[in-house]
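Subject: Structure handover

Hello,

Here is the structure for your files. My notes on helix packing and cavities follow below.

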Amino acid sequence: MGKLPLRARLATTIGGAAGRASRLTGRGDGSVIGGVLSLRVEPDLLRLLAVDRQVVLVTGTNGKTTTTRLITAALGALGQEVASNAFGANMEAGLTSALGQARGAPFAVLEVDEKYMPAVLAATSARVVALLNLSRDQMDRAAEIWMVARRWREALAAAPNCRVIANADDPLIAWAASAAPRVTWVAAGQRWHEDSWCCPECGSHLRRDELGWRCGECSFRRPSARWVLEDSTVIDASGRVSELSLALPGRANRSNAVMALAVADFFGAKVAQALPRLREVSSVAGRYTQVDRRGRRVRLLLAKNPAGWLEAFDVLEPGSSPVMLSVNAQVPDGRDTSWLWDVDYRLLRGRPVFVTGQRRLDLAVRLEADQVAFELADGIDDVVDKVPPGDLNVVANYTAFQQIRAVVGRDS
């Protein structure tokens, strides 16, 4: 990397020291506090640290952290160091910290909060932007998703040297990406349709059939894809079919993997090189981790919004193994829990269901409306003691997930 100016070097040193102190004292991984202090010393540090790097930005409502991890693994096939914000600190401070900790890395794969993507794209002059999906999330904090898509569209149109790799099956993603000069379309799928019934171009109703989606009034329609997820296989841009065989469960992770393979291919890491590395990823920042707790095998699943809960339920094994649901409403989660009514909980009928978390009564009312039997509980250990030895799936939103991880141990 190019030599940093004196102020930027000082800022990086201070941020690195603060991050190490945070880790040593058990206050966190240091990725945020280090970046905050660095930026106070040099406000332009993110741009300076991104110079001469091949930067990939990954954004969307769901799957950012996992896709970032998968792209990082795939690019490892090139034999070069890759900087990344592996634990999901996805605003300016976290991104700055990630780049500062890996000064010599020629590649950087950065998860970026949806709201901040345009500013980060301008600051880093990213080579690639991967657009995953857009749906409602933290409506009391983030902008309405059509506004997010419009801001993305404007930012991408103004980045002529950036390659956009976008999910063609999400109409809002397709609309945002279609303004970019260079786009690689990926048929990564979209199970959640409740936020994309209307055409983002003209506002008319979107029609869906076996060929995809299209507007009934204007010419806006699903673009043809060069990469395709088909069941458990990927069809790459040359037409070759490869079995994914991931350790990560569920269709959503197969979708994330196809996006990762398309990004890696852009940089020269072909499927045959990258896919074995993706198969080695079994947990991402604690998500999908399995831990033994008093003779029970506890699997942790993160779900933060209606689309995410739909995908989490897809991961549950068939049968009647117990499920614990936990919902908080702290600032990182969003204070508004009305989105619980958009989730179809009928899929849980016939299983023992336990409800915990700060907003457990909100969730209990919702389960009662869907005629799902449940039991209130005080926390993960209370549930562990109530279920027989065997499997226990835990589905939790952000801060509830972190609290549960702190109890059962951070084994990943």
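**Helix packing and cavities**

Helix H4 (residues 64-75) packs against helix H10 (residues 271-279) at an angle of about 130°, and their axes are 8 Å apart. That angle makes H4 oblique to H10. H4 passes H10 in a right-handed crossing. H4 contributes Leu70, Ala73 and Ala74 to the contact, and H10 contributes Ala274, Arg277 and Leu278. By class, the residues of this H4 contact with H10 are five nonpolar, no polar and one charged.

The model is predicted: local features need pLDDT of at least 70, side-chain atom pairs count only at pLDDT 80 or more, and totals for chains, interfaces and linings use all residues. Residues are numbered from 1 along each chain as its sequence is written, and side-chain values use heavy atoms, with hydrogens and water left out.

Terms, briefly:
- Helices (H or I, at least four residues) and strands (E, at least two) are DSSP runs, numbered from the N terminus.
- Axes are lines fitted to C-alpha atoms, for helices over the stretch in contact; angles run from 0 to 180 degrees between N-to-C directions.
- Under 35 degrees is roughly parallel, over 145 roughly antiparallel, 65 to 115 roughly perpendicular, and the rest oblique.
- A crossing is right-handed if the near helix is turned clockwise from the far one by less than a right angle, left-handed if anticlockwise.
- Contact means heavy atoms within 4.5 Å.
- Ala, Val, Leu, Ile, Met, Phe, Trp, Tyr, Cys and Pro count as nonpolar; Asp, Glu, Lys and Arg as charged; the others, Gly among them, as polar.

H10 also meets H9. Their axes come within 10 Å and cross at roughly 140°, so H9 and H10 are oblique to each other. H9 passes H10 in a right-handed crossing. On the H9 side the contact uses Ala257, Ala260, Leu261 and Ala264; on the H10 side, Ala274, Leu275 and Leu278. Its residues are seven nonpolar, no polar and no charged.

Helix H2 (residues 31-41) and helix H5 (residues 92-101) pack at about 90°, with axes 7 Å apart. They are therefore roughly perpendicular to each other. The contact of H2 with H5 has four nonpolar, six polar and one charged residues.

Now the cavities. There are three of 30 Å³ or more. A cavity is a set of points on a 1 Å grid, over the protein atoms alone, where a 1.4 Å probe fits but cannot get out; lining residues have an atom within 4 Å of a point.

Best wishes

Note on methods. On a 1 Å grid over the protein atoms alone, a cavity is a set of points where a 1.4 Å probe fits but cannot get out, and a pocket is an open set with protein on both sides within 12 Å along at least five of seven lines; lining residues have an atom within 4 Å of a point. Grid points are joined across faces, edges and corners, and a volume is the space filled by probe spheres set on the points.
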